[in-house]
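Subject: Structure for your review

Dear colleague,

Please find below the sequence and the structure that I am handing over to you.

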Amino acid sequence: MAKEFNIQEASICPSTIQMLEKAKKDGVSLAFNRANDMSVCPIGSVSACCKNCSMGPCRLSPKDPYGKQGVCGATIDTIAARNFARMVVAGAAAHTDHGMGMLDCFKEVAHGKVDGFRIKDEGKLKFVCETLDIPTTVEVDGEVKDRDIKELAVELAEELERTYTQVEGEIPFAKRVPEKTLERWRELGIVPRGAMRELMEMMHRTHIGVDQEYVNISRQFQRTALSDGWGGSMVATEISDILFGTPKPIQAYVDMGCLEEKKVNVVINGHEPIMFEAMIDSVNDPKMIEKAKAAGAEGLNLAGMCCSGAEVLSRHGVPHAGNFMSTEALLVTGAVDVMAVDVQCIKQGLSPVAECYGTPFITTNYRAHIEGATHIQLDESNPRECVDKIVELAIERFKNRSKPVEIPQNKHIGIHGFSHESITYHLGGTFRGSYVPLNDNIINGRIRGVAGVVGCTNPRVKHDWVHVEVVKELIKNNVLVVQTGCSTIATGKAGLLVPEAAKFAGDGLAEVCETVGIPPVLSVGSCVDNSRILIAVAEMANIGGLGEKISDLPVAGSAPEWMSEKAISIGQYFVSSGVYTVFGASFPVLEGTKFKEHLFKGLEGEVGATWDFAADPYEHAAKMIAHIDKKREALGIHEKKERKLFDMADRREL
Ligand code: SF4
Ligand code: MSK
């Protein structure tokens, strides 16, 4: 018999709760209900089972993990390490394939084969070339001239392709890793060669009868995860910036109140920005707006969800309707006239919910078809063909809306779109743009440290609550928070992404925020944009004053409500880069095993950082703060020194 489901306890998001109540009345089941009805497998949840060959599946006992082995003799440590490694592979593959998709599109643009997109941010193109030692100028007859943009783009695309296809050597963005951190990776043999090679080797090594020593397995999954963070994800971010513009701080709304009853609501969900960017053109096309008006609507309204939404929220201020656990709930409003998706984090459950409310549900990427959805393939050389069809379906649905519409009237303004470039500017101004003031304020103690709080939402915990409480605790304790993905949307709904949220921050952080005009919580984009956090910590280490390696910095990472394999890859590349990282919700490795001990303690000796776990948000934040304090002490900056805060007058003087 199904357990009773307490809707009020499922989320702190009033819109999601309102839609859960409506879904109940409508007799519609969502992921929240399914999680309530399905108990967690006590063996699988801690990786105590293996199905890597048909002599099994083999289940070990979580109560007595060393009591037996798999049929092949595999121990709990081998089984758990192999399972963990395969999670890293799947997560890294998702990000690197996303990045490769972006690179394919960029190559077409560079070769002039695509009309739908162009190089929008030439400055970013040059910046990325410079970081990779690709010359951006050329000397002609003794005169230094800028190189042709198309030529630069072609050369950059060729260079970045090595991120994926290279079989020997180091991936291009290894050049961005602080020297001492990179040196350590070289000693450990974990500098990624090319993502395809790392993913292939990891899958090989986890096949039955290959790598059966958990420390050795962990070396390769670290290398694989690093090929995601400093490889596939970083390429995805940088190419998206070049093609669609580097985000700058922008005000935008989040939450379901972004839907408009009298307009045709077009919702995009997934991860890659390509379809969404084309959709922005379509909904702003006067011809399409005219068609919507002819159908009786006041116009077209576009909103994003999940990381697709986070990409365009950051770049263009397109409203964001909700994170991963709100995607089905949004359809329950009856106001969504079409939901179009591409890849990743798209619940199959959306398909029957869309059907219940008569919402066309459209897949657009050949990699992701979903039963019950209509597939309209997006062709990058003519993206408008696909997105215009989607808008027309939405207009048709609006005209024939047959279900009652109920839109939760909640929306929250916030500042999104921080990037490495804009943080540099905000901290130092046009002429003195650098991370020096950040490091300076960390050294003088106004800012205790920096935390990256990222990742998914998960129905196994109270939706959004853990994110919001962790972040509030951190800023209260003067920790500047940087966020991506679904986590950003949770805190956006809680009103933490505005400068006025400085009132929730400790005195030192509040003072810095007020002086430079930033919120205490910085929204930096989607899950691939965790690479922006890597670039930020690399810059902090390179600027000096806070040690030489990333692992010396008073920084910490967190994924309070994670659920996806991508989160495991992200967590691992944070840790392997030197960032102590705490996960909430659950941890997929059995307590009391040598492998767990290795992740939570042993990695300290290798890369200077470890994993940790705390489901309770206050314990979670306390662990991060304790780590930051430990690093401050090691740097000898734990006692507060009065240092001058740079204000506008100082900057002008400089
Ligand atoms: Fe069992 Fe070993 Fe086969 Fe895994 S690889 S299923 S532990 S026999
Ligand atoms: S969408 S990976 S639920 S952050 Fe990137 Fe959100 Fe997690 Fe998907």
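Throughout this message, contact means heavy atoms within 4.5 Å. This is a predicted model, in which local features need pLDDT of at least 70 and side-chain atom pairs count only at pLDDT 80 or more, while totals for chains, interfaces and linings use all residues. Residues are numbered from 1 along each chain as its sequence is written, chains are lettered from A and ligands numbered from 1 in the order in which they are written, and side-chain values use heavy atoms, with hydrogens and water left out.

Domains

The chain is divided into domain 1 (76-244), domain 2 (250-399) and domain 3 (419-635); such bounds come from an automatic or database domain assignment. Between the C-alpha centres of domain 1 and domain 3 the separation is 23 Å. Across these two domains, 40 residues of domain 1 are in contact with 39 residues of domain 3.

Helices (H or I, at least four residues) and strands (E, at least two) are DSSP runs, numbered from the N terminus. Helix α5 comprises 17 residues, 149-165. From first C-alpha to last, α5 reaches 24 Å, close to the 24 Å expected at 1.5 Å a residue; the expected span is 1.5 Å times one less than the number of residues. At the start of α5, a side-chain oxygen of Asp148 comes to within 3.3 Å of the backbone nitrogen of Lys150.

I call a residue buried under 20% relative accessible area, exposed over 50%, and partly exposed in between (1.4 Å probe, protein chains only). The buried residues of α5 include Leu152, Ala153, Leu156, Ala157 and Leu160, and Glu159 is also among them. The buried residues of this helix pack against α3 (76-110), α4 (122-131), α7 (195-205) and α8 (214-244).

Lys107 is located in helix α3 and is partly exposed, with a relative accessible area of 21%. Leaving aside neighbours within four places in sequence, Lys107 is in contact with Ala157 and Glu161. The side chains of Lys107 and Glu161 are joined by a polar contact of 2.6 Å. A polar contact is a pair of N or O atoms within 3.5 Å; within protein, one must be able to donate a hydrogen and the other to accept it, and residues adjacent in sequence count only if both atoms are side-chain atoms. Lys107 and Ala153 are 46 residues apart in sequence, yet 7.8 Å apart in space, C-alpha to C-alpha.

Thr16, in helix α1 (residues 14-26), is buried, with a relative accessible area of 0%. Neighbours within four places in sequence aside, the contacts of Thr16 include Phe32, Met256, Met325 and His463.

Glu473 belongs to helix α17 (residues 465-476) and is buried, at a relative accessible area of 18%. A polar contact of 3.1 Å links the side chains of Glu473 and Lys476. Not counting residues up to four places away in sequence, Glu473 touches Tyr618, Ala621 and Ile625.

Ser564 is found in the loop between β16 (555-559) and α21 (565-577), and is buried, with a relative accessible area of 10%. Ser564 and Cys456 lie 7.2 Å apart, C-alpha to C-alpha, although 108 residues separate them in sequence.

Yours sincerely
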